[in-house]
Amino acid sequence: MRRIVLKATIDRRPVAADFKLVEAGRPTCPENGVVARVLYLSLDPYVGSRLRGRHMGEAPPRPMLDAIPGAIVGVIVESRAPGLCEGDLIQSMEGAWAEYVALESHACRRIDPRAAPLSAHLGPLGMPGLTAWAGVSRLACVDSGETFLVDAAAGAVGGAAGQIARILGAGKVVGIAGGEVKLRLVEREYGFDAGVDYKSPDWRAALADALGEGLDVFFENVSTEMAMIALSHARPYARGVLCGLAAHYQDTERSAHALNAGLIIAKRARLMGLVVYDFYHCWDEFAAMATDWVRDGRLKVAEDRAKGLEGAPALFEKLMAGRNVGKCIVAVDGEPS
């Protein structure tokens, strides 16, 4: 089989040239586990930090040895696990940039190919959707008629967060994104009430205009600076979900990201950190609801795709530079045969 590895240790934003496609032996099936042929591979921003050993204490892959980690949708080709059979379709967060992966049974979620497009289990029905739902419904508890703001709104998490906020009753949803293409996705495809282009010189005024009398909830994906800008528009007792700091993921040094304590106090705001791992036990509950949302068109699927495993490095470089539009998916082997 083929897999993708790092050529050498890196300590900066990854680019396509950092990766190498190599031949490798097909993995053996573990006791109480499976071997799956990878159909779709998810490319996610956190992997950029993981490659440098800066994500949740997880070790980086060894250059020229370990496949790059990534969530996958696959079909089981060999099983030694009760309840999992050859031909079953599964989703796993413990996959890799490879054509075949070996997985423990606890790392597999069986999926129904009739429920939604298979790749949706890596986007709105996958970790990005779960992250958005957890922040919107379990932490912020968005209520009917509230105004909701999210940045990185054209991304997989931000786009899902705004759509789910609307599904759960938000009265107004505003998204911040960069450039006309992303704004079209946010407003026309995702159906946000307004999109604000942060690349525009007058974007701060446009944001104030879009929010009107202020916001009740904001969902932060970019930076503490953006969080404080959001909070400056907050009504008293607003809630903020701190999901990510994408603007700092590729910093070469760890830096202190300041929060304005005086502003937080003045707004009587409640800020909550979100780590999606805390909500993995809710995945089936979330997927049951979100599958209906995808099926009836309330939760849209937007993808930026590459075809073939060899396309992963270039698409990942695009993701790391923030040039992707929608969820980054690699169609490794298309559909099961």
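**A strand and its surroundings**

Mentor: Strand β14 (residues 303–307) runs parallel to its partner β15, and five bridges link them. The model is predicted, so local features need pLDDT of at least 70 and side-chain atom pairs count only at pLDDT 80 or more, while totals for chains, interfaces and linings use all residues. Residues are numbered from 1 along each chain as its sequence is written, and side-chain values use heavy atoms, with hydrogens and water left out. Strands (E, at least two residues) and helices (H or I, at least four) are DSSP runs numbered from the N terminus, and two strands pair if DSSP finds at least two bridges between them.

Within this pairing, Arg 305 has Ile 329 of β15 as its bridge partner. Strand β15 also pairs with β3 (residues 33–42), here in the antiparallel sense and over three bridges.

Strand β15 covers residues 327–331, and five of its five residues are buried, so it is largely enclosed by the rest of the structure. Buried means under 20% relative accessible area, exposed means over 50%, and partly exposed lies in between (1.4 Å probe, protein chains only). Lys 327, Ile 329 and Ala 331 point one way from the strand, whereas Cys 328 and Val 330 point the other way, and all are buried.

Together with helix α9 (residues 312–320), β14 and β15 make a right-handed β-α-β unit. A crossover is called right-handed if, with the strands pointing away from the viewer, the path from the first strand over the helix to the second runs clockwise.

Helix α4 (residues 180–189) may be examined next. Its buried residues are Lys 182, Leu 183, Leu 185 and Val 186. Viewed down the axis of α4, these buried residues fall within an arc of 155 degrees (taken from the directions from the helix axis to the C-beta atoms), so they line one face of the helix. The buried residues of α4 pack against β9 (172–177) and β10 (194–197). On the face turned away from the buried side, α4 carries the exposed residues Glu 180 and Arg 188. Just after α4, Gly 191 takes a positive phi of about 80 degrees.

Asn 32, at about 60 degrees, lies in the loop between β2 (19–23) and β3. It is partly exposed, with a relative accessible area of 35%. Ala 152, at about 50 degrees, is found in the loop between β8 (147–151) and α3 (156–167), and is partly exposed at 33%.

Finally, consider Arg 110, which belongs to strand β7 (residues 109–110). Arg 110 is exposed, at a relative accessible area of 51%. Beyond its neighbours within four places in sequence, Arg 110 is in contact (heavy atoms within 4.5 Å) with residues including Gly 83 and Asp 88. A polar contact is a pair of N or O atoms within 3.5 Å; within protein, one must be able to donate a hydrogen and the other to accept it, and residues adjacent in sequence count only if both atoms are side-chain atoms. Such a contact, of 3.2 Å, joins the side chains of Arg 110 and Asp 88. A polar atom of the Arg 110 side chain also lies 2.6 Å from the backbone oxygen of Gly 83.
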